[in-house]
Each structure stands twice: as structure tokens, then as C-alpha cells.
Amino acid sequence: MKTVLITGCSSGFGLETARHFLAQGWQVVATMRTPSEDLLPRSERLRVLALDVTDAASIRDCVVSAGPIDVLVNNAGIGLLGALEGIPMAQVREIFEANTFGTMALTQAVLPQFRERRAGVVINVTSSVTLKALPLLAVYTASKAAVNAFTEVLALELAPFGIRTRLVLPGRAPSTRFGENARSRMQGSIPEAYADLAGGVFAGWTQSTEEVTQAQDVAAAIWRAATDADCPMRLAAGADAEALLPTA
């Protein structure tokens, strides 16, 4: 029976992905900053562990507690909306610590066991905003574009050891709490000079009739990345993301 470790399972994509792998008979290590046993169906194949990907000790403890795994899904991350001019550099660093450096650090911690077994899959969840530039998302997009680049280079380093890396790029998912969490960091991030731009952006999102991404779309793409050795490096998740990456 294979085991998957998934980060960011308290809601949204991570929670749905944990449900999906459990339903498929896998052993699941679902990690969260604040563990809750009530979010997922009780199962002998489920463990819920604490993990803060920005904390080296937390990463070390989680990897030890998890034991051998077959697939790592780096899904945890935070969003940020705002014009670059209005975002303090401390906040920029916070986004990169969670989205970029945290992904790198956890991957680094898991790679020795994959390399020794000459098997394993690393799946990094980024975003379709890396395929199409959108205003007010410069910092978030940069943090995810960096993960895209490092994942594709990592694939070259790990191929000789039989380890695969894949990217899953979700589209806009208003049904998750991601946007809500991103907006909570917006205080002061839109200077008055950018108010008209921001108003137009927010109105466009509210009035949009385009298809969006559901958490189930992301879970399905992650499942394919984990189980289909012949799938592309980049997998779009959601109809809007697929429109930007039609070859996925």
C-alpha cells in the first residue's frame, strides 16, 4: 500500500486531495499547521500531523513521524493581493518563505529516502497565474513561478535516481478559502494611486462568467501526477487553467 504526504490539508485543495487518496485506498499523511482530526473521515490509513513548512524543526519532526512515503505533495501556501508599491518587503519575504522556500525545504528533507530507494514522486502545486500575468499578484506569481522553475530543474537532477517531479497548476478557485485568506493580508497593500485599477480587477472577478477551478479538479490532477508516469511535467487543474495550458 502506497503512502502520500500532503501539505496544507486544513482546507481547499489539500483537504480534497487527502480525501481523494484515502478513497483510492492509499495511506495518507495529512499535514496542517494546526492539526484537526475532524476534517477527514476516520481511517486506519490516515495520520494527521502538524507541519509548518517555514520552520526547520517542524519539517524535521514531521518527516521523522511520517516515516517512509512514496509521494510528496507540496500544496501548502499563502496568497497575497496588492500592488507591489504598497507591499512591505517583510510581507514579500513571508510569501516566499511559505510558497517557495518551504516547498524547497520539505522536498530537500524527503529526497534522501527517495534517492536511497530509487523511487518517489514530488508534486508541487503552483498556479495558472504563472501562465498569464494578472494585476495585483506580482509577489504571489513570482513565488509560484520560482517553484515552477526549480521543479523542472529538479526533474533533471532526480531522473537518474528514478524519482519523478511534476507540477499541478490550478486556476481560480473562488469556492476555496484561498482568496479570503489572501484578502486578509491586503491592509495597506493598495495605495490610493492604484484604487481605480484594483476596483476594476475586483469588479471583473465578481462579474466573471468564465469557468473556474474546483478543489476536485486539483485532486484529480494530483492523482494523475502521482500515478501516471507518462503524464506531462505540467498539469493544468480546472477548465480555466486548461484553457491556458491546452497541451496538459
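Where is the place of glycine 25? In this predicted model, glycine 25 sits in the loop between H1 and S2. Its relative accessibility is 30%, so glycine 25 counts as partly exposed. Leaving out residues up to four places away in sequence, glycine 25 touches Met1 and Arg45. Arginine 45 is 20 residues away from glycine 25 along the chain, and the C-alpha atoms of the two are separated by 8.0 Å.

The loop between H1 and S2 also holds tryptophan 26. At 9% relative accessibility, tryptophan 26 counts as buried, because the cut-off for that class is under 20%.

The structure holds 4 aromatic pairs. One of them joins phenylalanine 21 and tryptophan 223, whose ring centres are 5.1 Å apart. The planes of these two rings stand at 65°, and a pair counts as edge-to-face when that angle is over 60 degrees, so the pair of phenylalanine 21 and tryptophan 223 is edge-to-face. Phenylalanine 21 belongs to helix H1 (residues 12-23) and tryptophan 223 to helix H7 (residues 215-227), so this pair ties together parts of the chain that are 202 residues apart in sequence. Phenylalanine 21 has a relative accessible area of 0% and is therefore buried.

Tryptophan 223 also forms an aromatic pair with tryptophan 26. This pair is edge-to-face, with 5.7 Å from centre to centre and 65° between the planes. Here too distant parts of the chain are linked: tryptophan 26 in the loop between H1 and strand S2 (27-32) and tryptophan 223 in helix H7 are 197 residues apart. Through such ring pairs, Phe21, Trp26 and Trp223 are linked into a cluster.

Two packed helices are described by the angle between their axes and the distance between the axes. For H1 and H7, the axes come within 8 Å and cross at roughly 55°. H1 and H7 are therefore oblique to each other. The crossing in which H1 passes H7 is right-handed. On the H1 side the contact is made by Gly12, Phe13, Glu16, Thr17, His20 and Phe21, and on the H7 side by Ala215, Gln216, Val218, Ala219, Ile222, Trp223 and Ala226. Sorted by class, the contact of H1 with H7 has 8 nonpolar, 4 polar and 1 charged residues.

Beyond H7, aspartate 230 lies in the loop between H7 and strand S7 (234-237). Is aspartate 230 buried or exposed? Its relative accessibility is 73%, so aspartate 230 counts as exposed. Aspartate 230 and lysine 2 are 228 residues apart along the chain, and their C-alpha atoms are separated by 19 Å.

H3 passes H4 in a right-handed crossing. From H3, the residues in contact are Val92, Ile95, Phe96, Asn99, Thr100, Thr103, Met104, Thr107 and Leu111. They meet Val139, Tyr140, Ala142, Ser143, Lys144, Ala146, Val147, Phe150, Leu154 and Leu158 of H4. By class, the contact of H3 with H4 has 13 nonpolar, 5 polar and 1 charged residues.

Arginine 118 is placed in the loop between H3 and S5. Although arginine 118 is not a glycine, its phi is positive, at about 55°. Leucine 136, in the loop between S5 and H4, likewise is not a glycine and has a positive phi, of about 75°. With a relative accessibility of 7%, leucine 136 counts as buried.

The loop between strand S5 (120-125) and H4 also holds valine 129. Valine 129 counts as buried, at 12% relative accessibility. Leaving aside neighbours within four places in sequence, valine 129 is in contact with Leu134, Leu137, Tyr140 and Thr141. Of these, Tyr140 is listed above in H4, where it takes part in the contact with H3. Isoleucine 190 is 61 residues from valine 129 in sequence, and the two lie 19 Å apart in space, C-alpha to C-alpha.

How values were computed. Residues numbered from 1 in each chain as written. Predicted model: local features only at pLDDT ≥ 70, side-chain atom pairs only at ≥ 80, totals over all residues. Heavy atoms only, no water. Left-handed = near helix turned anticlockwise from the far one by under 90°. Helix = DSSP H or I, 4+ residues; strand = E, 2+ residues; numbered from the N terminus. Contact = heavy atoms within 4.5 Å. Nonpolar A, V, L, I, M, F, W, Y, C, P; charged D, E, K, R; others polar. Phe/Tyr/Trp six-rings, centres within 6.5 Å; stacked < 30°, edge-to-face > 60°. Buried < 20%, exposed > 50% of the residue type's maximum accessible area, 1.4 Å probe, protein only. Axes fitted to C-alpha atoms, helices over the stretch in contact; angles between N-to-C directions. Parallel < 35°, antiparallel > 145°, perpendicular 65-115°, else oblique.
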